[in-house]
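Opening the notebook on this one. I want to look up a few spots and write down what I find.

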Amino acid sequence: MEPKQARPRKNEEHEVVLGPIAEAGRTVTKIGGFVVFVRGGVPGDRVRIRLHRARRNHGEAHVVELLEPSTDRVPERCEHFGVCGGCSFQNLGYEAQLEGKRRLVADALARIGGLEGVETAPCVPSPDLWEYRNKMEFSFARRRWLLPAELEAGVDGERGAAVGLHVPRVFDKVIEVGTCHLQSKAMSEMLALTREIAAASDLPAYDTRDRKGFWRFLVLRRGRNTGKMMANLVTAWSEPKLATVWAKSMIERFPEVTTLINGIAPRPASAVILDEIHLLHGEGTITERLGDLEFEISPSSFFQPNTAAAEKLYELVADEAGDLEGKIVFDLYCGTGAIALYLARRAGKVVGLELVESAIENARKNALRNRIAGPAFTAGDVRGTLANAARRHGRPDVVILDPPRAGNHPKLVRELVELAPAKIVHVSCNPATLARDLAAFADGGYTIGTAHPIDLFPHTPHTETVVGLDHSGQ
Ligand SMILES: C[S@@+](CC[C@H](N)C(=O)[O-])C[C@H]1O[C@@H](n2cnc3c(N)ncnc32)[C@H](O)[C@@H]1O
C-alpha cells in the first residue's frame with residue numbers, strides 16, 4: 001500500500017496537472033487525494049502552484065509557473081486578461097470551455113445533489129462569442145488598480161474618479177478597461193468619454209465605506225436586434241449642469257444613443273439601486289427583439305444579457321415544457337415576462353410572478369406591444385404571491401422556475417411540491433443551488449430529466465442550465 005501523503009500546507013508549492021473547470025473561474029486538481037482549487041490556469045496545464053489556503057477538506061492555490069501549456073490553450077484577446085477577472089477562460093479554446101461547463105454541471109448534480117443517474121447533455125454554444133453582452137455595468141472608485149510594473153515605477157493610483165470593472169474581491173479599486181471585447185466598440189467608447197468627463201470634474205467617486213462621493217456607476221445597454229442604446233450615469237445626488245454636459249457630449253459623439261438617464265443612488269449598497277431617475281434624452285427605456293417578440297426594458301429591469309443565446313435558452317425551455325395546448329403555465333421570477341410571453345401563444349394561460357415592480361410594468365406593456373392577450377403578471381415575492389395566483393388562475397400544469405443565483409427558498413420548493421404541477425422547467429445560473437433544489441424536488445416526488453447546460457457567457461465561468469422535472473404521480 002502507498003504511504004498516505006500528508007495534507008499539503010499553506011505556502012507549499014507543488015507541481016500538478018490542472019483538472020476540470022470548477023466554480024468561480026478556477027480549475028480543480030488533487031495532491032495525493034487532497035482537492036485543491038486553483039486560480040490562473042486552464043484544464044490540462046502542467047503548472048507549479050502555491051497554496052494560499054489549506055482547509056480541512058480542500059485547499060486553494062494559484063499558479064506561480066506554467067511548466068507545460070495545455071493543448072486546449074488559445075491566445076487571449078484582451079489586454080486586461082488575468083487582471084480583470086471577468087473572462088477567466090479567455091485563453092481556453094471554445095470547445096474545451098463548453099466541455100468544461102458540461103462537466104461542471106454534471107459534477108454539481110452528482111456531488112451536491114446526489115443525483116447520480118441524471119444525464120447532462122453537451123453544453124449549447126452561444127451564437128456570438130464576442131461583443132455578446134447587451135448590458136455592461138461599470139463602477140467608479142477613487143483608486144485605479146495598478147499593474148505590477150506601474151507599482152514598481154511608483155505610479156499613483158489615486159484618481160478621484162476612476163471608472164471600470166472591479167478586480168475580483170477588491171472593492172475599492174477598479175481596473176480602467178479600455179476595450180472590453182464582451183461589449184460593442186461603441187460601448188467601450190462611451191465608457192472612455194464618461195471617464196474623461198468624470199476626471200475633469202472636481203467631484204470624487206462614491207465610496208461605500210465613508211458614504212461620500214458623487215460618481216457611482218455607468219450602466220450601458222444595447223438592443224442587439226433593434227440597435228437601441230441606453231446609457232445610465234448613476235450618481236449619489238443630482239448635479240444637473242454636470243449631467244447636461246455628459247448628455248450633450250454623449251449625443252454629439254454617439255448620435256445612435258436612444259436614451260440617456262441620470263439615475264440617483266444615494267444608498268450605500270454596492271449594487272445599482274435607483275431612488276430617482278432623471279431622463280436626459282429619449283424615452284427612458286430601450287427595446288430588444290427575441291424571435292418575433294419585442295420587449296421594452298427599463299433601467300432597473302432584468303433582461304438576459306446575451307440576446308442571441310437567450311433565444312436559444314427560451315427554445316430549450318419551450319422544448320422542455322412540451323405541449324402547452326390549453327394548459328396553465330406559471331413563470332416564476334419572470335423579469336420582464338420574456339419566457340411567459342415566449343410561451344403564451346401556445347399555452348392556454350400564462351401567469352408571471354416577479355419581485356421588481358418596474359419589470360412587471362414592462363411585462364404588461366410587452367404583452368400589449370406583442371398583441372398577446374390574457375397573460376397575468378403580478379409584482380411581489382414569489383413566496384407571497386404563488387398561492388394566491390393558483391387560487392385566482394387555477395393550479396398550474398407547468399411551472400417555469402428561473403431564480404437568481406441563490407436558488408429557491410426551501411419553503412417555495414415545499415409550496416410547489418404541494419401544488420404538484422405535472423411539469424417544472426428549472427432554469428438556473430448556478431449549478432450548485434440548482435443541484436440542491438433538484439434534490440429537494442426529487443424528494444418531493446419529481447423525476448429529474450436530462451440537464452441541458454447552455455453558454456450565455458463565453459470565456460467566463462458562468463453556466464446556465466435548463467432541466468425538465470416530471471411529477472412521478474402524473
Ligand atoms: C434570473 S432572473 C429571471 C428573468 C427571466 N426569467 C428572464 O429570462 O428574463 C431572476 C429574476 O428573479 C427576480 N427575483 C429575485 N428574487 C425574487 C423573489 N423573491 N420573488 C420574485 N422574483 C424575484 C429578479 O428580480 C429577476 O428578475
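This is a predicted model: local features need pLDDT of at least 70, side-chain atom pairs count only at pLDDT 80 or more; totals for chains, interfaces and linings use all residues.

**Entry 1: a serine in a strand.** I started with S139, which turns out to be buried, at a relative accessible area of 10%. I count that as buried because the cut-off is under 20% relative accessible area. S139 sits in strand β6, which spans residues 135-144. Next I looked up what touches S139, leaving out residues up to four places away in sequence. The list reads A162, V163, G164, H166, V174, R216 and F217.

**Entry 2: the ligand.** Which residues come nearest to the ligand? Out of 16 residues around it, I wrote down Y314, E354, L355, V382 and D402. Sorted by class, the shell has 10 nonpolar, 3 polar and 3 charged residues.

Then I went through polar atom pairs. E354 puts a polar side-chain atom 2.6 Å from an oxygen atom of the ligand. For Q304, a polar side-chain atom is 3.4 Å from a ligand oxygen. V382 does it through the backbone: one of its N or O atoms lies 2.9 Å from a nitrogen atom of the ligand. How much of the ligand's area does the protein bury? Taken alone, the ligand exposes 600 Å², and the protein buries 86% of that.

**Entry 3: back to Q304.** Q304 is in the loop between β14 (293-297) and α5 (307-321). Buried or exposed, this Q304? Buried, with a relative accessible area of 5%. That call follows because buried means under 20%.

The contacts of Q304, again skipping residues up to four places away in sequence, are N134, A310, L313, Y314, D402, L456 and E464. Two of those names, Y314 and D402, I had already written down among the residues that come nearest to the ligand. I also took one distance: Q304 and L165 are 139 residues apart in sequence, and their C-alpha atoms are 20 Å apart in space.

**Entry 4: cysteines.** How many disulfides does the structure hold? The count is 0. I wanted to see why for two of the cysteines, so I looked up sulfur distances with the 2.5 Å cut-off in mind.

- C84: the closest cysteine sulfur is in C87, 6.4 Å away, so it is too far for a bond. C84 is buried, at 14% relative accessibility.
- C123: the closest cysteine sulfur belongs to C429, at 14 Å, so this pair is too far for a bond as well. C123 also counts as buried, with 7% relative accessibility.

**Entry 5: positive phi.** Last stop was backbone angles. A24 is not a glycine, yet its phi is positive, at about 60 degrees. A24 lies in the loop between β1 (13-17) and β2 (27-31). With a relative accessible area of 48%, A24 is partly exposed.

R211 is in the loop between α3 (185-200) and β9 (215-222). Is R211 buried or exposed? At a relative accessible area of 56%, R211 is exposed. The two labels part ways because exposed means over 50% and partly exposed lies between that and 20%.

Methods:
Residues are numbered from 1 along each chain as its sequence is written. Side-chain values use heavy atoms; hydrogens and water are left out. A residue is near a molecule or strand if one of its heavy atoms lies within 4 Å of it. A polar contact is a pair of N or O atoms within 3.5 Å; within protein, one must be able to donate a hydrogen and the other to accept it, and residues adjacent in sequence count only if both atoms are side-chain atoms. Accessible areas come from the Shrake-Rupley method with a 1.4 Å probe; for residues, only the protein chains shown count as cover. Ala, Val, Leu, Ile, Met, Phe, Trp, Tyr, Cys and Pro count as nonpolar, Asp, Glu, Lys and Arg as charged, and the others, Gly among them, as polar. Buried means under 20% relative accessible area, exposed over 50%, partly exposed in between (1.4 Å probe, protein chains only). Helices (H or I, at least four residues) and strands (E, at least two) are DSSP runs, numbered from the N terminus. Contact means heavy atoms within 4.5 Å.
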